[in-house]
Amino acid sequence: PFFICFTVMSIKINEEVTEAWKTVSKKGSAENLFCAEFTTVGRRGALNMLAIGAGGLEQARTVMMENSGKIIFGVIKAQSVDNANSRRDKFIYFRFIGSTVPVMTKAKLTPLMGKIDGVFETKHLSMDLDDDLTNFDMQGLAREFLRVGGAHKPDRYEFGPNQVFNCD
């Protein structure tokens, strides 16, 4: 018989990634987006900082479109807002796998997903994305928030500067 033995890959999560998560998730922080890139060298994986900023959803879409050959993990901090101006942070966690990422790189990622996902402790939505970002827009995300949300329906969602979706 022929046996194939696979060694489980290890991953190094760069300290900049964990610091960026702390920054974005901090209440009142102007930064509302960060993206990290998954890379491999041999049997080792790494999660390295790619972008951090205050551009929200639009910036996230731009980063993904400009990096279609990469695997990107990221978080957008949106806010649900009601007419009494009550604001609640909502975190959108996403995994983006570009269309030109080699099959073997994707395969190396699979056993490490749990460890990577664990870095981002608070997630109100999780999205698996590819080059087709059709539903990764304000309307699609607001629809998902409303679908999974509780009894308190907000009046609007804010996904970044000048990125407001009214729920009425």
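This is a predicted model: local features need pLDDT of at least 70, side-chain atom pairs count only at pLDDT 80 or more; totals for chains, interfaces and linings use all residues.

Student: How many aromatic pairs turn up in the whole structure?

Tutor: Eight, from a search of the whole structure. One of them is Phe34 with Phe120, a tilted pair at 5.5 Å centre to centre and 40° between the planes. This pair links distant parts of the chain, since Phe34 is in strand β2 while Phe120 is in the loop between α4 and β6, 86 residues apart.

Student: Are Phe34 and Phe120 buried or exposed?

Tutor: Both are buried. Tyr157 and Phe159 make another tilted pair, 6.2 Å centre to centre with 35° between the planes. Tyr157 and Phe159 are buried as well.

Student: Switching to α1. Which of its residues are buried?

Tutor: In α1, residues 15-25, those are Val17, Ala20, Trp21 and Val24. They span an arc of only 105° around the axis, which means they sit on the same side of α1.

Student: Why does that kind of spacing put residues on one side?

Tutor: An α-helix has 3.6 residues a turn, so residues three or four places apart point the same way.

Student: And what's on the other side of α1?

Tutor: Glu15 and Lys22 are there, and they are exposed.

Student: What do the buried residues of α1 pack against?

Tutor: Quite a list: strands β1, β2, β3, β4 and β5, plus helix α4.

Student: What caps the N-terminal end of α1?

Tutor: Asn14 does, with a side-chain oxygen 2.8 Å from the backbone nitrogen of Glu16.

Student: Now the strands. How do β1 and β3 pair?

Tutor: They are parallel, with four bridges. Ser10, for example, has Arg44 in β3 as its bridge partner.

Student: And how many bridges join β2 to β3?

Tutor: Nine, and those two strands run antiparallel. Phe34, the residue from the ring pair, has Ile52 in β3 as its bridge partner. The β2 and β3 hairpin has two residues between its strands, and Gly42 takes a positive phi near 60° there.

Student: Which residues other than glycine have a positive phi?

Tutor: Asn85 is one of them, at about 65°, and Asn162 is another, near 55°. Most residues other than glycine have a negative phi.

Student: Where are those two, and how exposed are they?

Tutor: Asn85 is in the loop between β4 and β5. At 47% relative accessibility, Asn85 counts as partly exposed. Asn162 is in the loop between β7 and β8, and its relative accessibility of 79% makes it exposed.

Student: What about Gly160, buried or exposed?

Tutor: Gly160 is in that loop between β7 and β8 too, but it is buried, with a relative accessible area of 17%. The cut-off for buried is under 20%, so 17% falls inside it. Leaving aside neighbours within four places in sequence, Gly160 is in contact with Asn32 and Gly56. Its C-alpha is 6.9 Å from that of Ala54, which is 106 residues away along the chain.

Student: Which strand has Ile76 in it, and what is its relative accessible area?

Tutor: Ile76 lies in β4, and its relative accessible area is 0%, so it is buried. Beyond its neighbours within four places in sequence, Ile76 has contacts including Asn32, Gly56, Phe91 and Phe159.

Student: Last one: what does the side chain of Asn67 reach?

Tutor: The backbone oxygen of Val63, at 2.7 Å. Asn67 is in the loop between α2 and β4, and at 14% relative accessibility it counts as buried. Setting aside neighbours within four places in sequence, Asn67 is in contact with Leu50, Ile72 and Phe96.

Methods: Residues are numbered from 1 along each chain as its sequence is written. Side-chain values use heavy atoms; hydrogens and water are left out. Buried means under 20% relative accessible area, exposed over 50%, partly exposed in between (1.4 Å probe, protein chains only). The arc is that of the directions from the helix axis to the C-beta atoms. Contact means heavy atoms within 4.5 Å. A polar contact is a pair of N or O atoms within 3.5 Å; within protein, one must be able to donate a hydrogen and the other to accept it, and residues adjacent in sequence count only if both atoms are side-chain atoms. Two strands pair if DSSP finds at least two bridges between them. Rings of Phe, Tyr and Trp (its six-membered ring) pair if their centres lie within 6.5 Å; planes under 30 degrees apart count as stacked, over 60 as edge-to-face and the rest as tilted.
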